Amino acid sequence: IFESDTPFGHVAKRFFEPVTSPGGDGGGQFGTNEKLHKWRNNTFKLIPRCVNAPFVVKRAVGEVPTLLGNKIQLLYYGPPSGDYFETDCNISSSRIAQYTIGLAIDRASVVIADLAFLLQGGVPAELPESLIGTVRIEHIVMRDATALDLSGSTSAP
């Protein structure tokens, strides 16, 4: 896909460049890590859909395409070999995302969600947009969710 002269190929070549974020030594084919990170945040799009959830949760989540990096903190990782690419999504970086998850935990016993991911085209040569992939997450038992201890303590039990 990176060698193809297609709209998706143009965007994917830059998006999946093996430069981690944030920080680093700068560089990369398309500029500094910070510029690439900002561009990725304005390119990585999520289309959510709650298939099975209470009305209030479906309403809060919606089905509107969202540039995810403009809503929550995203970190991108890819080794120089280009063997894989990882995006970490920090839900706790947004009060709105925390509220929505809280709604789901409080009101839903089991949730089924569809998530579609795509790269937004910014110029006519990058259109039409194409899906990177989709996933259905079934039988999320919201009441079993536990908070992560991000304090960094590693005390033994």
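Me: Before I go on, what is the average pLDDT of the protein?
Reply: The average is 82, and 87% of the residues score at least 70.

Me: OK, and where is confidence lowest and where is it highest?
Reply: The protein's lowest confidence is in α4, with a mean of 83, while strand β2 (residues 66-67) has the highest, at 95.

Me: Which residues have pLDDT staying under 50?
Reply: That would be residues 23-31, a stretch for which the model has 16 contacts beyond four places in sequence. Where pLDDT is low, the predicted coordinates should not be read in detail.

Me: Switching topic: what is the volume of the largest pocket?
Reply: Its volume is about 960 Å³.

Me: Which residues lie nearest its centre?
Reply: L46, V61, I91, T100 and I101 do, out of 31 residues that line the largest pocket.

Me: Which elements give two or more residues to that lining?
Reply: Those are β1, α3 (55-61), α4 (95-107), β5 (110-119) and β6 (131-141). The largest share comes from α4, which supplies 6 residues.

Me: How does the lining of the largest pocket split by class?
Reply: You'll find 24 nonpolar residues there, along with 4 polar and 3 charged ones.

Me: Now I'm looking at K45. Where is it found?
Reply: K45 sits in strand β1, which covers residues 44-52.

Me: Is K45 buried or exposed?
Reply: K45 counts as buried because its relative accessibility is 11%, and the cut-off for buried is under 20%.

Me: What does the K45 side chain have a polar contact with?
Reply: With the side chain of E129, at 3.4 Å.

Me: Which residues does K45 touch, leaving out those up to four places away in sequence?
Reply: K45 touches P65, T66, L67, A116, F117, L118, Q120 and E129.

Me: Zooming back out, what share of the protein's residues count as buried?
Reply: Of its 157 residues, 30% count as buried.

Me: One last thing: among contacts between residues at least 6 apart in sequence, what share join residues at least 24 apart?
Reply: For this protein, that share is 56%.

Notes. Residues numbered from 1 in each chain as written. Predicted model: local features only at pLDDT ≥ 70, side-chain atom pairs only at ≥ 80, totals over all residues. Heavy atoms only, no water. Helix = DSSP H or I, 4+ residues; strand = E, 2+ residues; numbered from the N terminus. Buried < 20%, exposed > 50% of the residue type's maximum accessible area, 1.4 Å probe, protein only. Polar contact = N/O pair within 3.5 Å; in protein donor to acceptor, adjacent residues only side chain to side chain. Contact = heavy atoms within 4.5 Å. 1 Å grid on protein atoms, 1.4 Å probe; cavity = no way out; pocket = protein on both sides within 12 Å on 5 of 7 lines; lining within 4 Å. Points joined across faces, edges and corners; volume = space filled by probe spheres on them. Nonpolar A, V, L, I, M, F, W, Y, C, P; charged D, E, K, R; others polar. pLDDT = per-residue confidence, 0-100.
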